[in-house]
Amino acid sequence: MKKKTINEKKVTDEILIAQFQQGDVQAFDVLVHRYKDQLLNYVYRFVGNRVESEDIVQETFLRVFKNKHYYKEIAKFSTWVYTIAGNLAKTELRRRKRRKLFSVSNFVNEERDFDIPDIERNPERLVDGNLQEIIIQKAINKLPSKFKEVILLRDVQGFSYEEISQILNIPLGTVKSRVNRGRLKLQEDLRFLLENKTN
Amino acid sequence: MRNSDKFEELFSDYIEGELSPDNQRHVDKHLSECSESREKVNRMRFIRDRMKNLETIKTSSSFEQRLHLRVNGFTGNSIVGKSRSRSINGWKMPALGLLMIVAFVSLFWLVDLQTNEGDLIQPQKSSFKSEITTQENTIYKQSVANSEAKIVNAALDSSHQKTKELEDKIKLANEKVRGK
């Protein structure tokens with residue numbers, strides 16, 4: 001069993017997908033095991049709903065299974081799978097937006113959900129790491145999609161600018177520009193939270 | 001455009017150490033002179049570092065099992081030769097559909113044919129039937145007549161019998177009278 005683990009670690013994604021294309025379903029299982037959590041992390045931060053995020057990640061793997069022959073070794077496997085997951089996440093957000101247009105709640109002020117808690121009255125709560133995460137996630141949720149996706153891929157998932165450029169199919173300069181603008185927007189929204197931390 | 005705005009475009013690269021040495025020096029100088037920009041850069045750096053350490057979300061324990069079910073549902077439990085079976089399925093469904101259409105059409109044609117044949121047979125049948133009925137009626141009438149005749153004959157026989165008995169009585173009576 002230990003030897004198998006070591007072999008799995010050595011085998012690259014590209015070798016695994018090639019084996020899967022030859023009919024080795026176990027290779028597909030290894031890829032699922034490798035990517036399921038990180039994909040969920042990305043999609044969840046994008047979409048904000050745990051159940052929907054798992055469905056999206058499931059759908060991502062199902063598409064990998066169905067369309068394995070479309071993968072060519074020109075790009076990395078991670079680029080391909082993140083492209084699929086990202087597109088599905090964006091589709092879900094667009095669908096939500098359309099649902100919201102016809103929702104009765106349009107007449108109700110829903111800003112309440114996105115209000116940042118009144119930290120200034122309770123500054124000791126700033127040390128609460130969980131609360132910080134919630135607040136940061138809310139600020140991420142408020143970002144436009146085009147900034148959110150680059151920020152998540154860069155700062156949460158740790159992709160290089162070149163990889164992000166391939167995943168999103170946008171020029172490198174555009175990636176850098178959007179990362180910068182996304183970070184500027186975030187620091188503006190989280191100003192009150194960070195004034196105590198950064199001084 | 002404010003001087004700060006011009007430098008803002010470089011803040012991300014500055015944080016990540018990706019500026020050229022010259023640009024690095026220019027931004028350093030600006031930050032030493034502008035507290036607002038300095039605070040912005042600090043906040044950006046803090047957020048970037050914090051996001052690297054956000055809690056990692058994990059999939060549920062049944063995730064892979066559910067995925068296998070969906071995959072098996074897609075493949076029909078048959079994974080080997082998948083691409084081949086796909087090509088077979090490619091013509092199978094249209095062929096099946098065509099077969100069903102042909103079956104339906106044949107069925108309707110047969111039903112229609114039966115109905116038409118019935119229409120043709122029906123008049124003959126009815127004439128034959130009426131002929132039979134006529135014959136039967138005749139036979140029946142005859143039998144009725146025969147029965148009636150029998151009854152009449154029986155009645156006649158009976159009356160003949162009685163007449164004979166009466167004649168005999170009269171004869172006896174006459175003989176008695178003569179004998180006196």
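The structure is a predicted model. Chain A has an average pLDDT of 83, and 78% of its residues score at least 70. Over all chains, the count of aromatic pairs comes to 11.

**Aromatic pairs around A:Tyr42**

- A:Tyr42 and A:Phe46 make an edge-to-face pair, with 6.0 Å from centre to centre and 75 degrees between the planes.
- These two residues, A:Tyr42 and A:Phe46, are 4 residues apart in helix 3 (residues 25–47) of chain A, so about one helical turn separates them.
- A:Tyr42 also pairs with A:Tyr82: the ring centres are 5.4 Å apart and the planes stand at 50 degrees, so this pair is tilted.
- Because A:Tyr42 lies in helix 3 and A:Tyr82 in helix 5 (residues 77–101) of chain A, the pair ties together parts that are 40 residues apart in sequence.

**Burial of these residues**

- A:Tyr42 is buried, at a relative accessible area of 1%.
- A:Tyr82 is buried, at 0% relative accessibility.
- A:Phe46 is buried as well.

**Aromatic cluster and lysine over rings**

- One aromatic cluster is formed by A:Tyr35, A:Tyr71, A:Phe77 and A:Trp80.
- A:Lys68 lies over the face of A:Phe20, 5.0 Å from the ring centre.
- A:Lys68 also lies over the face of A:Phe65, at 5.8 Å from that ring centre.

Note on methods. Residues numbered from 1 in each chain as written. Chains lettered and ligands numbered in written order. Predicted model: local features only at pLDDT ≥ 70, side-chain atom pairs only at ≥ 80, totals over all residues. Heavy atoms only, no water. pLDDT = per-residue confidence, 0-100. Phe/Tyr/Trp six-rings, centres within 6.5 Å; stacked < 30°, edge-to-face > 60°. Buried < 20%, exposed > 50% of the residue type's maximum accessible area, 1.4 Å probe, protein only. Lys NZ or Arg CZ within 6 Å of the ring centre and 35° of its normal.
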